[in-house]
Every structure is written in structure tokens, then in C-alpha cells.
Amino acid sequence: MQPRISRQSDQEQDCRRPDAAADDARLSDELAAVIAGARRRAVRDGDRQIDTAHLLHSLLEHDPDVYAAFGEGPQIARLLGYLVQRTIGYGLRWQGAVEDSGAVPVVMDGEGFSPLAASAMEHTRRRAALRGDAQARGIDLLAAIVTDPQARAVEVLARAGIDANALRTRIDERRDEYVSGDAAR
């Protein structure tokens, strides 16, 4: 029996997708750890693909800049609570379903990512490359996953009382701070 989520290829372990263009940004070490954590979480949860909620959960665990983007207050605790509860009730309705916004045809072989998560990864690399950064960072991925209102991560954020559009605006306003690593923690 094959695993539901494909193992990392040599190129993936080198933090590049197999057909990456020369100007694509590489993943930072922190972001590579986020992807690995999301992959483990998806396998442990019995999900067929890594979705945006897996990525969000892993971002919060591994990237202090992402955690800081949410600010202080009870919303972050609620958000973490919803993400933890995913395997014990909340989110079980997602099992066996592909995370897709319906905007593009569903592609089942996206290196283990749902269509929305794969799109977010592409957006993450483009965002870093447009900024002139050689490495995509966790904050780039957070900005990418809150872009699509159909993303599971956006649904979890809404349930926790966090407005995805306001979060994206906050990220964009503080972009230079995040890139230089000077974001308030």
C-alpha cells in the first residue's frame, strides 16, 4: 500500500519544486520545516493531501514572525484550539474531500498538496521573487493562504474571529519588517 502523501523527492528536500524556473525563490529553512511539519500532520490526520489548514497550523508552530502577525489577545488561543481540534471533530468533514475553490480544475497530483495549498506555494514563491528576496518565508505563505476565501485556513480563521482580509492588510503593511526579521514579537 502506498502512502497517501508522496514522500519528498530529492529536489523537494533541496527546497525546490522539480520544474522551478530560474527566477523562483527558494524556501527558507524555516519554511521548509513548516512544509515538513504540515506533511507529518496530514499523514497523522489520515488526510490525502496537505491543505491550507495544515500549513497554517505548522506556520504557527514553526515561525515566530507568523505568530506575531496575529498580535496579542484571545483570538490566537481560539485559532490554535480550532487547529488542534481538527482531528477530534472539527474538520473531520474535510477528510476525503479535496480542498478546492472551484476556480481551476482539480489536479490530484500536486506533490501531496491540495489544489489551494499548491497554488499558495506558487504564490509564496512569486511573492518573494517579486520582492527581490532569494528565499520565500513563512510570512509569504501566510499571506498566500489567506488570499482565497474558500481556503480551509480562512474558514478556521473566521471561526476563531480573525478576519483574513484584515490579516493580509496587516502583513502587507509590515512587509519590510518581516523581511528584515525586525517584526515585533
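Aspartate 29 lies in helix H2, where helices (H or I, at least four residues) and strands (E, at least two) are DSSP runs numbered from the N terminus. The residue is exposed, with a relative accessible area of 61%; buried means under 20% relative accessible area, exposed over 50%, and partly exposed in between (1.4 Å probe, protein chains only). Aspartate 29 and glycine 138 are 109 residues apart in sequence, yet their C-alpha atoms are 9.8 Å apart in space.

This is a predicted model, in which local features need pLDDT of at least 70 and side-chain atom pairs count only at pLDDT 80 or more, while totals for chains, interfaces and linings use all residues. Residues are numbered from 1 along each chain as its sequence is written, and side-chain values use heavy atoms, with hydrogens and water left out.

**The whole protein**

The secondary structure comes to 10 helices and 2 strands. Along the sequence these follow the pattern α-β-α-α-α-α-α-β-α-α-α-α. Of the 185 residues, 44% count as buried. The protein exposes about 9500 Å², and carbon and sulfur atoms supply 49% of that area; accessible areas come from the Shrake-Rupley method with a 1.4 Å probe, and for residues only the protein chains shown count as cover. Among contacts with a separation of 6 or more, 67% are accounted for by residues 24 or more positions apart, a contact being heavy atoms within 4.5 Å.

**Helix H3 and its cover**

In H3, 9 of the 11 residues are buried, so this helix is largely enclosed by the rest of the structure. The buried residues are Thr52, Ala53, His54, Leu55, Leu56, His57, Ser58, Leu59 and Leu60. Their cover includes H2, helix H4 (64-69), helix H5 (74-84), helix H6 (115-131), H7 and helix H8 (152-159).

**Helix pairs**

Two packed helices are described by the angle between their axes and the distance between the axes. Here axes are lines fitted to C-alpha atoms, for helices over the stretch in contact, and angles run from 0 to 180 degrees between N-to-C directions.

| Pair | Axis distance | Angle |
|---|---|---|
| H2 (residues 29-45) and H3 (residues 52-62) | within 8 Å | roughly 130° |
| H6 and H7 | within 8 Å | roughly 125° |
| H7 (residues 138-145) and H9 (residues 164-173) | 9 Å | about 145° |

H2 and H3 are oblique to each other; angles under 35 degrees count as roughly parallel, over 145 as roughly antiparallel, 65 to 115 as roughly perpendicular and the rest as oblique. H2 passes H3 in a right-handed crossing; a crossing is left-handed if the near helix is turned anticlockwise from the far one by less than a right angle, and right-handed if clockwise. On the H2 side, the residues in contact include Leu31, Ala33, Val34 and Ile35, and on the H3 side they include His54, Leu55 and His57. This contact has 8 nonpolar, 5 polar and 4 charged residues. Ala, Val, Leu, Ile, Met, Phe, Trp, Tyr, Cys and Pro count as nonpolar, Asp, Glu, Lys and Arg as charged, and the others, Gly among them, as polar.

H6 and H7 are likewise oblique to each other, and H6 passes H7 in a right-handed crossing. The residues of H6 in this contact include Met121, His123 and Arg127, and those of H7 include Asp140 and Leu141. By class, the contact of H6 with H7 divides into 7 nonpolar, 2 polar and 3 charged residues.

H7 passes H9 in a left-handed crossing. Ile139, Leu142 and Ala143 of H7 meet Leu167, Arg168 and Ile171 of H9. These residues divide into 5 nonpolar, no polar and 1 charged.
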